[in-house]
Amino acid sequence: MIKKIASLSILLFVSISLNAQAPDPALPELAWLTGYWTSTEDGTTIEELWTNGAGYMMLGVHRDVNANGRSSFEYLRIMRTREGIVYVASPGGKPGTTFTMKENKDQKVIFENLEHDFPQRIIYSEGGDTRTARIEDYEVEKSMEWVWTKTKPKF
């Protein structure tokens, strides 16, 4: 009798394990972020590029090129971790700052890190061929916003 119960327990455990779904490594809930986005504002070309999700990670890069030829950049990544989905920003290649995803619905995603000075919140939203990115503090006293259109890469 004990042997039968043990066998049934093992069979039940294996069955549950095989049916348990591991998180999708492609981050399908954020697939709408992928692509190459550009705009020009006051003579500055602003670009942001996001790869598709693979290996529980999306990679991004942001670049501003001023009319005088000077530029700035930021490495970006979105990763699925044990704690959830996070956004890591590394402006100018500096060590990254992590923001945790707080909301994702209707092609709008919000990442937060209330311990960070500025920004504390990063918000992406999309409608058609237009993407908006906004950074702000928690009280929304300080903010910056960018609007891009989807573009075919020239590289």
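Select Ile110 and then its opposite number, Ile123 in β8. These two belong to a pair of antiparallel strands, β7 and β8, joined by 5 bridges. Strands here are DSSP runs of E with at least two residues, helices are runs of H or I with at least four, and both are numbered from the N terminus. Two strands count as paired if DSSP finds at least two bridges between them.

Before going further, a word on what you are looking at: this is a predicted model, where local features need pLDDT of at least 70, side-chain atom pairs count only at pLDDT 80 or more, and totals for chains, interfaces and linings use all residues. Residues are numbered from 1 along each chain as its sequence is written, and side-chain values use heavy atoms, with hydrogens and water left out.

Now colour all of β8. Because 5 of its 7 residues are buried, β8 is largely enclosed by the rest of the structure. (Buried is under 20% relative accessible area, exposed is over 50%, and partly exposed is in between, using a 1.4 Å probe and protein chains only.) On to β9: it runs antiparallel to β8, with 7 bridges between them. Click Tyr124 and you'll find its bridge partner, Ala133, in β9. The hairpin of β8 and β9 has 2 residues between the strands, and Gly128 there takes a positive phi near 65°.

Next stop, the largest nonpolar core, which has 23 residues. Such a core is a set of buried Ala, Val, Leu, Ile, Met, Phe, Trp, Tyr and Cys residues joined through side-chain atoms within 4.5 Å. Which members touch the most others? Show Leu30, Leu33, Ile78, Tyr87, Phe111 and Tyr124. Several strands supply at least two core residues each, among them β2 (44-50), β4 (71-81) and β10 (143-150). The biggest giver is β5, with 3 residues.

Zoom in on Phe111. Skipping residues up to four places away in sequence, its contacts (heavy atoms within 4.5 Å) include Ile78, Tyr87, Phe99, Met101 and Ile122.

Hop over to Met101, in strand β6 (residues 97-105). Is Met101 buried or partly exposed? Its relative accessibility is 23%, so Met101 counts as partly exposed. Beyond four places in sequence, Met101 is in contact with Leu30, Ile85, Val109, Ile110 and Phe111.

Now pick β3 (residues 57-65) and look along the strand.

β3 pairs antiparallel with β2 through 6 bridges and with β4 through 9. Thr45 has Val65 in β3 as its bridge partner, and Leu59 has Arg77 in β4. For the hairpins, select Gly55 between β2 and β3, with a positive phi near 60°, then Gly69 between β3 and β4, near 95°.

Last, colour by pLDDT, the predictor's confidence in each residue from 0 to 100. The protein's mean is 88, and 86% of residues reach 70 or more. Confidence is highest in β7, at 98, and lowest in helix α1 (residues 2-19), at a mean of 44. Over residues 5-19 pLDDT stays under 50, and the model has 0 contacts there beyond four places in sequence. Where pLDDT is low, the predicted coordinates should not be read in detail.
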